[in-house]
Amino acid sequence: QVQLVESGGGLVQPGGSLRLSCAASGSIFSIDTMGWYRQAPGKQRELVALITSGGSTNYADSVKGRFTISRDNAKNTVYLQMNSLKPEDTAVYYCNAEVWPSSGYRSDYWGQGTQVTVSS
């Protein structure tokens, strides 16, 4: 079984920064694309940022220039550095990973979510 555990959420003032982490553990052979998504109250879950195993990245227009996604393949961990945070960034943030397990086929896994609140 594979688990994704997120950390780093919290309350921050507008203009502040937070760093989210998501560590994958379990029977993992390799991980393809990893990403961060978010869901605000009353809204659909939306893509924030993606990073491939080779390091290519893709960002939602709303976070370009403010957020940076990175990963440590040796630790099966993905990070999201969030700077210049705005109230509209308030949401539950979820990490996602395309995992090849030690046996079987590639599957999508999700973390449990971590709350980010931007408020003065």
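Reply: Before counting anything, a salt bridge here is a side-chain nitrogen of Lys or Arg within 4 Å of a carboxyl oxygen of Asp or Glu. Please also keep in mind that this is a predicted model.

Me: Which residues are linked in a network of salt bridges?

Reply: The network of salt bridges links Arg 38, Glu 46, Arg 66 and Asp 89. Within it, Arg 38 meets Glu 46 with an N to O distance of 2.7 Å, and Arg 66 forms a salt bridge with Asp 89, where the closest N and O atoms are 2.7 Å apart.

Me: What does the Arg 66 and Asp 89 pair tie together?

Reply: Arg 66 lies in the loop between β6 (57-59) and β7 (67-72), and Asp 89 in the loop between β8 (77-82) and β9, so the pair ties together parts that are 23 residues apart in sequence.

Me: Changing topic: how many disulfides does the structure hold, and which residues form a disulfide?

Reply: The structure holds 1 disulfide, formed by Cys 22 and Cys 95, with their sulfur atoms 1.9 Å apart. Because Cys 22 lies in strand β3 and Cys 95 in strand β9, the pair ties together parts that are 73 residues apart in sequence. Cys 22 and Cys 95 are buried.

Me: What is the strand order in the open sheet of 4 strands?

Reply: The order is β1-β3-β8-β7, and the pairing is antiparallel. The edge strands are β1 (2-7) and β7, each of which pairs on one side only, and from one strand to the next the twist averages 15 degrees.

Me: Over how many bridges do β3 and β8 pair?

Reply: Strand β3, residues 18-26, pairs with β8 over 6 bridges in the antiparallel sense; in that pairing, Ser 21 has Tyr 79 of β8 as its bridge partner.

Me: What about β4, which strands does that pair with?

Reply: β4 and β9 run antiparallel and are joined by 9 bridges, with Trp 36 standing opposite Cys 95 in β9. β4 also pairs with strand β5, residues 46-51, in the antiparallel sense over 5 bridges, and there Gly 35 has Leu 50 in β5 as its bridge partner.

Me: Which residue takes a positive phi in the hairpin of β4 and β5?

Reply: That is Gly 42, with a positive phi near 80 degrees, in a hairpin that has 6 residues between the strands.

Me: Which residues have a positive phi although they are not glycines?

Reply: Asn 76 is one of them, with a positive phi of about 50 degrees, and Ser 84 is another, also at about 50 degrees. Asn 76 is found in the loop between β7 and β8 and is partly exposed at 24% relative accessibility. Ser 84 lies in the loop between β8 and β9, where this serine counts as partly exposed at 41%.

Me: Last one: what is Thr 77 in contact with, leaving aside its neighbours within four places in sequence?

Reply: With those neighbours left aside, Thr 77 is in contact with Cys 22, Ala 23, Met 34, Ser 70, Arg 71 and Asp 72. Thr 77 is found in strand β8 and is buried, with a relative accessible area of 8%, while its side chain reaches the backbone oxygen of Lys 75 at 2.9 Å.

Definitions and conventions: Residues numbered from 1 in each chain as written. Predicted model: local features only at pLDDT ≥ 70, side-chain atom pairs only at ≥ 80, totals over all residues. Heavy atoms only, no water. Helix = DSSP H or I, 4+ residues; strand = E, 2+ residues; numbered from the N terminus. Buried < 20%, exposed > 50% of the residue type's maximum accessible area, 1.4 Å probe, protein only. Polar contact = N/O pair within 3.5 Å; in protein donor to acceptor, adjacent residues only side chain to side chain. Contact = heavy atoms within 4.5 Å. Pairing = 2+ DSSP bridges. Axes fitted to C-alpha atoms, helices over the stretch in contact; angles between N-to-C directions. Disulfide = S-S within 2.5 Å.
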